[in-house]
Amino acid sequence: MAKTKSFEIPPDRSLFGKLGARSRAFPMVVTELVDNSLDSWTSMPLGARKGKDLKIEINAEGKKAKSPYFVIKDNAGGMTERELENALRVAHSEKAGNPKFLGRYGFGLKSACMYIGSQFEIFTRSYKEPKIVHYVRFDRHDFEQQAGEK
């Protein structure tokens with residue numbers, strides 16, 4: 001008689017870095033990140049917008065630069081600590097099934113960041129907690145190395 005057992009099947013940590021290969025072209029990557037700004041703006045109550053229009057700034061310095069970078073800055077709703085943690089979980093989306101949002105599958109942020117490079121930083125301040133800035137620095141190589149130590 002076979003014994004039945006339930007267990008977790010977590011993805012390999014290398015999946016995070018492989019997500020970048022999923023993106024097809026740089027314009028699509030930028031669109032993924034801008035979509036997050038639009039979704040954040042859409043989810044904000046009108047009162048939290050304080051009569052302002054959405055503003056998105058994009059700045060970049062290419063691979064030939066001494067210190068290449070890519071920055072998207074907006075005045076959208078931002079994320080709380082819990083929302084930021086969930087945004088970094090592969091395939092997690094609180095937007096799934098809601099047609100008013102552009103993002104639905106939980107891959108866009110991660111795949112876009114990994115397409116651009118192996119490191120990224122996120123600074124975010126939620127309209128729900130306007131005095132708190134949350135920060136994440138991610139390095140794919142460190143992340144994968146930590147997996148090997150377990």
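This is a predicted model: local features need pLDDT of at least 70, side-chain atom pairs count only at pLDDT 80 or more; totals for chains, interfaces and linings use all residues.
Trainee: What makes up the secondary structure of the protein, and in which order do the elements run?
Mentor: There are six helices and four strands. Read from the N terminus, the order is α-α-α-β-β-α-α-β-β-α. The C-alpha trace spans about 65 × 45 × 30 Å along its principal axes.

Trainee: How many of the residues are buried?
Mentor: Of the 150 residues, 29% are buried.

Trainee: Why are Phe 26 and Phe 70 called an edge-to-face pair?
Mentor: A search of the whole structure finds four aromatic pairs. In the pair of Phe 26 and Phe 70, the ring centres are 5.4 Å apart, and centres within 6.5 Å make a pair. The planes stand at 85°, and over 60 counts as edge-to-face, so the pair is edge-to-face.

Trainee: Which parts does the pair of Phe 26 and Phe 70 tie together?
Mentor: Phe 26 belongs to helix 2 (residues 26–43) and Phe 70 to strand 2 (residues 69–74), so the pair ties together parts 44 residues apart in sequence.

Trainee: Why is Phe 26 called partly exposed?
Mentor: Its relative accessible area is 39%. Buried is under 20% and exposed is over 50%, so Phe 26 falls in between and is partly exposed.

Trainee: What makes the pair of Phe 123 and Tyr 135 tilted?
Mentor: The angle between the planes is 45°, with 4.6 Å from centre to centre. Stacked pairs have planes under 30 degrees apart and edge-to-face pairs over 60, so 45° leaves the pair tilted. Phe 123 is in strand 3 (residues 119–124) and Tyr 135 in strand 4 (residues 134–139), so the pair ties together parts 12 residues apart in sequence.

Trainee: How do you know whether Phe 123 and Tyr 135 are buried, partly exposed or exposed?
Mentor: Phe 123 has a relative accessible area of 58%, which is over 50%, so Phe 123 is exposed. Tyr 135 has 40%, between the cut-offs of 20% and 50%, so Tyr 135 is partly exposed.

Trainee: Which residues do ring pairs link into a cluster?
Mentor: Phe 120, Phe 138 and Phe 143 are linked in this way.

Trainee: Which residues of the largest nonpolar core touch the most other members?
Mentor: Leu 88, Leu 109, Phe 120 and Ile 122 do, in a core of 17 residues. Helix 2, helix 4, helix 5, strand 3 and strand 4 each give two or more residues to this core. In soluble globular proteins, nonpolar side chains tend to be buried together.

Trainee: What does Leu 109 touch?
Mentor: Leaving out residues up to four places away in sequence, Leu 109 touches Leu 33, Asn 36, Ala 87, Leu 88 and Ile 122.

Trainee: What makes helix 5 mostly covered?
Mentor: Seven of its nine residues are buried. They are Gly 108, Leu 109, Lys 110, Ser 111, Ala 112, Cys 113 and Met 114.

Trainee: Why is His 134 called buried?
Mentor: The relative accessible area of His 134 is 12%, which is under 20%, so His 134 is buried. His 134 lies in strand 4. Its C-alpha atom is 7.8 Å from that of Ile 122, 12 residues away along the chain.

Trainee: Which residues does His 134 touch?
Mentor: Not counting residues up to four places away in sequence, His 134 touches Met 79, Thr 80, Glu 81, Leu 84, Ile 122, Phe 123, Thr 124 and Glu 129.

Trainee: What is the phi of Lys 50, and where is Lys 50 found?
Mentor: Phi is near 55°, a positive value in a residue other than glycine. Lys 50 is in the loop between helix 3 (46–49) and strand 1 (56–61). At 67% relative accessible area, over the 50% cut-off, Lys 50 is exposed.

Trainee: What is the phi of Ala 91, and why is Ala 91 called partly exposed?
Mentor: Phi of Ala 91 is near 70°, again positive in a residue other than glycine. Ala 91 is in the loop between helix 4 (81–87) and helix 5 (108–116). Its relative accessibility is 43%, between 20% and 50%, so Ala 91 counts as partly exposed.

Methods:
Residues are numbered from 1 along each chain as its sequence is written. Side-chain values use heavy atoms; hydrogens and water are left out. Buried means under 20% relative accessible area, exposed over 50%, partly exposed in between (1.4 Å probe, protein chains only). Rings of Phe, Tyr and Trp (its six-membered ring) pair if their centres lie within 6.5 Å; planes under 30 degrees apart count as stacked, over 60 as edge-to-face and the rest as tilted. A nonpolar core is a set of buried Ala, Val, Leu, Ile, Met, Phe, Trp, Tyr and Cys residues joined through side-chain atoms within 4.5 Å. Contact means heavy atoms within 4.5 Å.
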